[in-house]
Amino acid sequence: KPVILWFRRDLRLDDNHALTAAVETDRPMICVYIREPENPDIGPLGGAQAWWLHHSLVALRESLRTHGNDLCLRTGPAEDVLQDIARTSGADIVFVNRAYERNSMDRDIALALKDAGIAIRAFHGQLLHDPKTIRTGSGNAFKVYTPFWNAMQKLGEPGEPTDAPDTVMAPETHPRSESLDGWDLLPTKPNWAAGFSEFWTPGEAGAKEKLEDLIDADLHDYKQGRDFPGTDATSKLSPHLALGEISPARIWHATNGLAARHKDDLVHFRKELAWRDFCYNLLVEFPELRTKNWDDKFDAFEWEFDTRDFTAWTKGLTGYPIVDAGMRELWQTGYMHNRVRMITASFLIKDLLIDWRRGEEWFRDTLLDADPASNTANWQWVAGSGADASPFFRIFNPILQGEKFDPDGDYVRHWVPELQKLPKKYIHKPFDAPDHVLADAGVEPGKTYPKPIVNHGLARDRALAAYKGLKG
Ligand code: FAD
């Protein structure tokens, strides 16, 4: 009898505990990926990540084929698809890796399968540590990051990663599979994802390459460099992690050799990886993190919504160069540097007074690394409504942030080429440049580059007044 291996956000053969356990049964394996109905807790799959998913499934299928097996693609509620495959193949066990964003859904699926006489074996591997293992002294989830990190360190290293098996024994007959092209995951017209493949290689091999680049660079200057969007100091592993093409434990252990040389950089990098775990811990604790304020005081916040402002933000036409550079980087590459994510999110929420949920939605649709925990937790962090969040009254000044973290304006010049010739002094505030400077640089405010859609000083006062009203 075969067993079923159900792939979800773990599209890899390396360090895949469900796969390792399934191989150990010495039974043939039916590998399946199911396109399920939308999960209301995590929201619809975004357009950018759908592009990634398509290519990642192609890569996984190729990899399974070189290991002697294949990938079966099916659509429908998971319990129905799994029961159907079990019925037609005689399989009686489903191996799966836990996906913490879908806890309650998975409990229901497990119950339905049990009723049908099918066992489900679930394994850990999505995070560095299982959320149940990191608890306060009184057994609750941590709501503040630093004690969470301290508790995580006490647990020691995450488990040793396991290598991919040499072969994955195939069943005598493969169950019927749908055509991936028929899933329409790729954009048609206009093909807004055309540029993505210039920057990314979805799939396990691409993830491995990114990890090797990181090791080759020795994580050099990560701690300082990670804040400067014009440099290439971070790993760019996030889209690979989002669909589980690489495990966080593999990344952790691969960086072990660097410990002696760049201790600070290494610790800082691991702390960022641990933020991902922390976000999942928050999501497990509060599954409505995407739709509801963690701090319900914010339920009374009087958000505004100006369609023109929102559109200008999405298109990178706000008149604030660092904001526009970030939003254009996002659109063209499916990625945005972390520092700039914070600046653009703060601008939407505080300068434009638009509900953070609109921003979360836009990022989810356009980010290749859109992650149900990290995206929602970080948006709530910027808004001030989250757990251990940055307070609402800490409002980023887009000009000063640009001058501090993109001091020569390289990042802005790259993504906002119409400002390329502006001198450094005005690159983050073209609106302050004298006419002759603008003329020399070929910039015509309102024509070649927008005038600011809001005055940051006034917008800041308005945001603080709205926040004060909330407290009162
Ligand atoms: P590195 O600096 O190399 O970090 C290594 C890994 O650590 C990342 O790949 C990521 O998995 C994790 N990590 C780093 N920073 C954070 C963080 N603040 N929170 C959680 N995990 C982190 N990250 C996502 O993966 N998906 C999202 O949807 C997402 N949305 C965000 C929305 C906003 C408003 C903000 C401010 C941040 C968001 N982040 C999100 C976090 C962060 O910006 C990205 O993880 C990071 O930029 C990815 O680049 P990297 O892989 O080069 O990171």
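I count two strands as paired if DSSP finds at least two bridges between them. With that rule I looked up strand S2 (residues 29-35) and strand S3 (residues 72-75), which pair in the parallel sense over four bridges. The model I am reading is predicted.

**Entry: the S2/S3 region**

I checked which residue faces Val32 and found Cys72 in S3 standing opposite. I then followed the chain from S2 through helix H2 (residues 47-66) to S3, and the three make a right-handed β-α-β unit.

**Entry: the annotated span**

I looked up the UniProt record, an unreviewed entry, and it lists residues 1-128 for "domain: Photolyase/cryptochrome alpha/beta". In the model I find this span to be 41% helix and 20% strand. Its end C-alpha atoms lie 33 Å apart.

**Entry: domains**

I took the domain assignment of the protein chain, which gives domain 1 (3-126), domain 2 (127-159 + 204-285) and domain 3 (296-471). I noted 27 Å between the centres of domain 2 and domain 3, taken over C-alpha atoms.

How many residues of domain 2 are in contact with domain 3? I find 15 residues of domain 2 in contact with 17 residues of domain 3. On the domain 2 side, helix H9 (238-242) and helix H11 (263-285) each supply at least two of the touching residues. H11 gives the largest share of that side, five residues. Sorted by class, the side of domain 2 that touches domain 3 has ten nonpolar, two polar and three charged residues.

**Entry: the ligand**

I listed the shell around the ligand and got 27 residues, the closest being Thr234, Ser235, Asn338, Asn375 and Asn378. H9, H11, helix H14 (338-351) and helix H16 (374-383) are the elements that give two or more residues to this shell. By class I have 13 nonpolar, seven polar and seven charged residues around the ligand.

I looked through the backbone geometry and noted a cis peptide bond joining Lys189 and Pro190, with omega about -10 degrees. Pro190 is in the loop between helix H5 (145-154) and helix H6 (196-199).

I also noted Asp15, which has a positive phi of about 45 degrees although it is not a glycine. I found Asp15 in the loop between strand S1 (3-7) and helix H1 (17-24).

Conventions. Residues numbered from 1 in each chain as written. Predicted model: local features only at pLDDT ≥ 70, side-chain atom pairs only at ≥ 80, totals over all residues. UniProt positions renumbered as here; feature names shortened; annotations may be inferred. Domains from an automatic or database assignment. Contact = placed C-beta atoms within 7 Å. Nonpolar A, V, L, I, M, F, W, Y, C, P; charged D, E, K, R; others polar. Right-handed = clockwise from strand over helix to strand, strands pointing away. Near = placed C-beta within 6 Å.
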